[in-house]
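Hi everyone, thanks for coming.

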Amino acid sequence: MRKASGMSDRTSQIILTVICAIVLLIVAYPLYYVVVASFSDPYEVYAGKTFLLPSGFTLDGYKGVFLNDGIVSGFLNSVKYTIVGTIFSVVMLYITAYPLAQKDLPGRKALSVFFLFTMYFAGGLVPTYLVVKQTGLVGSMWSLFLPGGVGVGNMIIVRNYFQNSIPHDLVEASEIDGCSKLRTFFSVVIPLSMPILAVMVVFSMVAYWNDWFTALIYLGGKGPPLPLVMRNILIKSSATASQAATISGGYAELNKLTELLKFCSMIVAALPMLVIYPFVQKYFEKGFMAGAVKG
């Protein structure tokens, strides 16, 4: 018998490996370039002399970032906001998604339509600010969490996970054995939903860690998070001609420091999430794919 025409499995595997390696380089190199540029002389970077290794090695950018008094307090504020916001958001997702996953919930379709409506229609920034102000949340860290406590898109993913990945017979069996609905939720549903829980934790952590605009609008300068502190550093480092005249080296030297601060700020702000992600990666794909299946 003649062999079927086409590439062998080994050839296909080699081609796919090469393609994946190329895609990895395309995705990873920009981040690596920012890391290298943060240790390089900005003039060397813009001259195209920086490629794989730092050119004109310097730590002035990181010194400028960490010598700022607001960096430590901003970092601690970001940690606090991220932890509290992540716990709050995940709890809200679970107590919203699990009831909607129950087919016997009265008004289930109406509630689903209500949540979906908010995905397409919103009041906008000014009405939202007025609501937050009238409720007395301006200046409080709760203004960062309460207005967007339930991410509808994430809630739909969690709901689909409950519907498709947790056997309804298992839930019924636990209730027949005498468990209340609340006991079933904590003893059966939550342990079986750890993959999607990890996904939602990552989503929430990244969102709260990188959020500076909400803090800029609602906190009024009280307890700014790290991204907002970084933004303020970059704004202050942009000098006018009169400011540059008071600095040794003039405008050129100050512009050099400004460019270094840009690269270093990106690394300092992104590093915590880059460190945490590998520990939850094994849950991420499994939970996201299971939750993304249409229910």
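What we have here is a predicted model, where local features need pLDDT of at least 70 and side-chain atom pairs count only at pLDDT 80 or more, while totals for chains, interfaces and linings use all residues. Residues are numbered from 1 along each chain as its sequence is written, and side-chain values use heavy atoms, with hydrogens and water left out.

So, pockets. On a 1 Å grid over the protein atoms alone, a pocket is an open set of points with protein on both sides within 12 Å along at least five of seven lines, and a cavity is a set where a 1.4 Å probe fits but cannot get out; lining residues have an atom within 4 Å of a point. Grid points are joined across faces, edges and corners, and a volume is the space filled by probe spheres set on the points.

The largest pocket has a volume of about 540 Å³. Its lining has 23 residues, and Y98, A101, Q102, H168 and V171 are the closest to its centre. Which helix gives the largest share of that lining? That's α9, with 6 residues. At least two residues each come from α4 (69–100), α7 (152–165), α8 (168–176) and α9 (181–192). By type, the lining splits into 14 nonpolar, 4 polar and 5 charged.

Now look at α8 and α9 together. They pack at an angle of about 140°, with axes 10 Å apart; axes are lines fitted to C-alpha atoms, for helices over the stretch in contact, and angles run from 0 to 180 degrees between N-to-C directions. Where they touch (contact means heavy atoms within 4.5 Å), L170, V171, S174 and E175 of α8 meet K181, T184, V188 and L192 of α9. That contact divides into 4 nonpolar, 2 polar and 2 charged residues.

On to the second largest pocket, at about 430 Å³. It is lined by 22 residues, and nearest its centre are L144, P147, G148, D211 and T214. Here the lining is 11 nonpolar, 10 polar and 1 charged. Helices α4, α6 (125–134), α10 (194–210) and α11 (213–218) each put in at least two residues.

Last stop, helix α5 (residues 108–120) and α7: their axes come within 9 Å and cross at roughly 145°. Residues R108, S112, F115, L116, T118 and M119 in α5 touch V152, G153, M155, I156, R159 and Q163 in α7. This contact has 6 nonpolar, 4 polar and 2 charged residues.

That's my tour, thanks!

Terms used
Helices (H or I, at least four residues) and strands (E, at least two) are DSSP runs, numbered from the N terminus. Ala, Val, Leu, Ile, Met, Phe, Trp, Tyr, Cys and Pro count as nonpolar, Asp, Glu, Lys and Arg as charged, and the others, Gly among them, as polar.
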